[in-house]
Amino acid sequence: VQLQASGGGLVQAGGSLRLSCSASGRIFSSHIMGWFRQAPGKEREFVGLIRWSTASTTYGDSVKGRFTISKDGANTVYLQMNSLKPEDTAVYYCAKANSLSRRERDYNNWGQGTLVTVSS
């Protein structure tokens, strides 16, 4: 499965942006779809995940209450980002795992990333 993330761009602090991640093949109920981000000079950080079977979600502490992950159809996942802050500036990646995990190493399919820049 190939993943394609899109929707990044430049937004002012306090604004919103929605990222999309489309899979070239079907995402199965056993799969976990995650979002990660990497800011310049920093390690990749867990943003959140969605369990494909139940659509239940888990979020990292830094985005909890501001970001929402959802899914649509058989192969698209979204990351709705509200109340954006300059510290949210990063390249955002979607990824797929076969089991529930927040760890980057457990995700075996990655999209190419999309840049989100939040200006102050």
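This is a predicted model: local features need pLDDT of at least 70, side-chain atom pairs count only at pLDDT 80 or more; totals for chains, interfaces and linings use all residues.

Residues are numbered from 1 along each chain as its sequence is written, and side-chain values use heavy atoms, with hydrogens and water left out.

I begin with the disulfide, a term for a pair of cysteine sulfur atoms within 2.5 Å. How many disulfides does a search of the whole structure find? The search finds 1. The partners are C21 and C94, whose sulfur atoms lie 2.1 Å apart. This link is right-handed, with 70 degrees about the S-S bond. The pair connects distant parts of the chain: C21 belongs to strand β3 (residues 17-23) and C94 to strand β9 (residues 90-97), 73 residues apart. Strands here are DSSP runs of E with at least two residues, numbered from the N terminus.

Are these two cysteines buried or exposed? Buried means under 20% relative accessible area, with a 1.4 Å probe and protein chains only, whereas exposed means over 50%. C21 is buried because its relative accessible area is 1%, and C94 is buried because its value is 0%.

Let us turn to the nonpolar cores. Such a core is a set of buried Ala, Val, Leu, Ile, Met, Phe, Trp, Tyr and Cys residues joined through side-chain atoms within 4.5 Å. The largest has 27 residues, and those with the most contacts inside it include M33, W35 and M81. Several strands each supply at least two residues of this core, among them β4 (32-38) and β5 (45-51). Strand β3 gives the most, with 4 residues. A second, separate core has 7 residues, including I32 and Y107.

Leaving aside residues up to four places away in sequence, M81 touches G15, S16, L17, L19, R66, F67, Y92 and V116, where contact means heavy atoms within 4.5 Å.

Finally, I come to an open sheet of 4 strands, which has the order β1-β3-β8-β7 and antiparallel pairing. Two strands pair if DSSP finds at least two bridges between them. β1 and β7 stand at the edges with a single partner strand each, so one side of each has no neighbour in the sheet. Within the sheet, 6 bridges join β3 to β8. For example, S20 has Y78 in β8 as its bridge partner.
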